[in-house]
Amino acid sequence: MSVNNLQIRTDGRLRHFLSTEGLNRGLLTEILDTAESFAGVAEQSVKKVPLLRGKTIVNLFFEASTRTRTTFELAAKRLSADVLNINIGASATVKGETLLDTLRNLQAMHVDMFVVRHADSGTAHFIARHVLPHVSVINAGDGRHAHPTQAMLDMFTIRREKGADFGRLSVAIVGDIANSRVARSQIHALNLLNTGDVRIIAPRTLIPSHIESLGVRVFHDLREGLRDADVVIMLRLQRERMKGVVLPSEHEYYQLYGLTEEKLSMAKPDITVMHPGPINRGVEMDSQVADGPRSVILQQVTYGIAVRMAVMSMAIQQKTPQDGDA
Amino acid sequence: MPKTSIKISGGRLIDPCNQIDGLFDLYVVDGRIAAIGTAPDGFSENIELDARGLVVTPGLIDLCARLREPGQEHKASIDSECKAAAAGGITTLCCPPDTNPVIDTPAVVELIRHRAQQAGAARVVTLGALTRGLRGEQLSEMAALQQAGCVGVSNALKPLTSTLIERRTFEYAATFGLTVFLHADDAALSANGCIHEGQLSTRLGLPGIPQAAETVAVARDLALIQQTGVRAHFCRLTTQPAVRMVARAQFDGVPVSADVAIPNLYLSELDTIEFGADYHFIPPLRTQEDREGLREGLLSGTLSALCSDHQPHEPDAKLAPFPATEPGASGVDSLLSLTLKLVEDRQTLLPAAIARVTSGPAKILNIPYGDLAVGRVADICIFDPHSSWRLDETSMNSQGKNTPFRGWEMPGRVRYTLRDGQIIFSSETS
């Protein structure tokens, strides 16, 4: 399937960051390397670099978000950009014309980048197709489609924990794959980075059709799926799904798919436990695991800022990212 | 009307219904076919149309065209679409009942007929609502709708609230010999979906419509068709298994027919890869296997008609994130050409292809058009099979320019369209 790639400039550099799908290993590695260079910035007493001084970044959120929006805002500020937060309630029905009009109005104010979150899959692509040539779009989550910066911060975390050779890793993703934009972006990123074994673990009601075509092995039994795994990523399960037609109860889900020390014993002893947060303790995993020595859940949040700084600095029209390395 | 006599001379006459395919002159007197081959006694033409090198067929019948009037005149009008249809060789359009107001009263039927007459182009026949307001709860006044001229009844894409109401609507329609036009869709299974559930829906994270949404409905509908004995037609099938189920039912003698929309013969779910809103259809584009199954169904005759499923939109309707865009494509401009393309692609022979857009839909609608028998009203399409054109916004006559076929080279160019023996389109004057 050929993809007319909106995301990459003719010279191969990042233009927009809409999805990990359609990118290449070189670009993903560049994001991780650039993020590595920014990770140090946060530890300095002055947490700013002047890379995007004079640039204007708009966080355009059509869906509620606290953590993602905050880390994007912090990332932009640490790059010395001016940041504008626009929250358009999820309840407000946003029609096409309104969305395009909103966009055009903001562009008229000489914006350089949009960070977009929207409940409809494909929104970031749609916006990227309609922005002016100098404007970049970063997808901060569109429907169930993609959440590429979350996936990249997870890749960053894995690389820090396990080293750069993804080829020898077994990574298991557990939970609501069907409704997860994070899982889709993770799967593409893991495969682009040549991960040896990508597994998903969930009951059939949470697995979308033809998922194997994305390059994963499917398991329905958590213990079996965790066998000798190096990394396990637990997905957030929306509570409302628990009482719907896809799952009978929290209790049964926890019994079957909740991560406990006992189930973790199937995996490699040094397994890394990840979660994009916020955690439903006692549903997706028990507190012992979440707060245990193998959990890197809080590091993920910290790394999120460096990764978003990397993506923003690479996508925005400017000098090559190497020039930006402090 | 003054007495007119038209001689259409030297063309290749194809009338699939009467198994005619050859070089014959065609004589039209007073709006009706007067003779084929030899002039009728005392014939002298006022008009002679030179059809040498051209193909002469019955005027096309499009089983489903949204004209957007009444209710959505910002998208198109009866006038604009009837004229666009005429330019595409179409002489009869069938309008489904999901207008606003819904076609559930004789007044709306009358309004549409009146506007179509004013347009003086393609004729419009209507399907009445199966339930009042298409709400799926209460029978519509079918006898009154039939008397007003509706050629069948349908609930369009709206669901019925229960299998009981479905049964009763079938029984009531059967009382008057009305055909029910069904969109096979299990509303609970397709809820919120905007693309085929499969590889692409998973990749793009778009809510999917499973194949079973169609097959479950076909199975249920077939059971009730057999129970009630109503004559039924499945509109716009999209899946291979559904075609097989209908073929089996036909074999068993169940009075059921089916059609397919043009886009489903040429496109598949894979075309949506870049969230292209022009590929947003309800029911959706399915898999490549389904597309092959539909082509086979068309060849074997299980699907006896091909329609444009014409849905013109204003540009804004497609300018939004994929799930928020309106489904459907504008199609009357390309119905003939994309039918001819099947012949070009060696899928079928010309007479068989023409049958699917003339006598096939005429039989489904039970209307006295779609063939060139002596005595029939003269609905005629004359086209140049060797000429082609490129589909784009300037070559489209429909007010809606939304199409997934933009840039395609289209075989066949309409020269003349006659309805009731009157020239409603001529490429010379357009």
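Colleague: Which exposed residues does the face of α2(B) turned away from its buried side carry?
Modeller: This is a predicted model. On the face of α2(B) turned away from the buried side, the exposed residues are A107(B), H114(B) and Q118(B).

Colleague: Which residues of α2(B) are buried, and within what arc do they fall?
Modeller: The buried set is V108(B), V109(B), I112(B), A116(B) and A119(B). Seen down the axis of α2(B), the buried residues line one face of the helix, because they fall within an arc of 105 degrees.

Colleague: Why can residues three or four places apart point the same way in an α-helix?
Modeller: It comes down to the helical repeat. Residues three or four places apart point the same way because an α-helix has, per turn, 3.6 residues.

Colleague: What do the buried residues of α2(B) pack against?
Modeller: Contact means C-beta atoms within 7 Å. In chain B, the buried residues of α2(B) pack against α1 (78–87), β9 (90–95), β10 (123–129) and α3 (142–148).

Colleague: How far does α2(B) reach from its first C-alpha to its last, and which residue follows it?
Modeller: The helix covers residues 106–119, 14 residues in total. At 1.5 Å a residue, 20 Å is expected, and α2(B) reaches close to that, at 20 Å. Next comes a residue with a positive phi, near 65 degrees: G120(B).

Colleague: Is E166(B) buried or exposed?
Modeller: E166(B) sits in helix α4 (residues 163–175) of chain B. The cut-off for buried is 20 or more other C-beta atoms within 10 Å. E166(B) has 25, so it counts as buried.

Colleague: Which residues does E166(B) touch, leaving out those up to four places away in sequence?
Modeller: A143(B) lies 23 residues from E166(B) along the chain, and their C-alpha atoms are 17 Å apart. Beyond four places in sequence, E166(B) touches L160(B) and L224(B).

Colleague: Which helix gives the most to the side of chain A that touches chain B?
Modeller: In the contact between the chains, 27 residues of chain A meet 20 residues of chain B. Helices α3 (96–107), α4 (123–130) and α6 (181–192) of chain A each supply at least two residues to that side. With four residues, the one that gives the most is α3(A).

Colleague: How many residues on that side of chain A are nonpolar, polar and charged?
Modeller: Take the side of chain A that touches chain B. Its residues divide into nine nonpolar, 12 polar and six charged.

Colleague: Which strands stand at the edges of the open four-stranded sheet of chain A?
Modeller: The order is β2-β1-β3-β4, with parallel pairing. From one strand to the next, the twist averages 15 degrees. Two strands have a single partner each, so one side of each is left without a neighbour in the sheet: β2 (82–87) and β4 (136–142) of chain A.

Colleague: What is the bridge partner of F61(A) in β2(A)?
Modeller: Strand β1 (residues 56–61) of chain A runs parallel to β2(A), joined by six bridges. In β2(A), F61(A) has as its bridge partner N87(A).

Notes. Residues are numbered from 1 along each chain as its sequence is written. Chains are lettered from A and ligands numbered from 1 in the order in which they are written. This is a predicted model: local features need pLDDT of at least 70, side-chain atom pairs count only at pLDDT 80 or more; totals for chains, interfaces and linings use all residues. The expected span of a helix is 1.5 Å times one less than its number of residues. A residue is buried if 20 or more other C-beta atoms lie within 10 Å of its own, exposed if 12 or fewer, and partly exposed in between; C-beta atoms are placed from the backbone. The arc is that of the directions from the helix axis to the C-beta atoms. Two residues are in contact if their C-beta atoms, placed from the backbone, lie within 7 Å. Ala, Val, Leu, Ile, Met, Phe, Trp, Tyr, Cys and Pro count as nonpolar, Asp, Glu, Lys and Arg as charged, and the others, Gly among them, as polar. Two strands pair if DSSP finds at least two bridges between them. Axes are lines fitted to C-alpha atoms, for helices over the stretch in contact, and angles run from 0 to 180 degrees between N-to-C directions.
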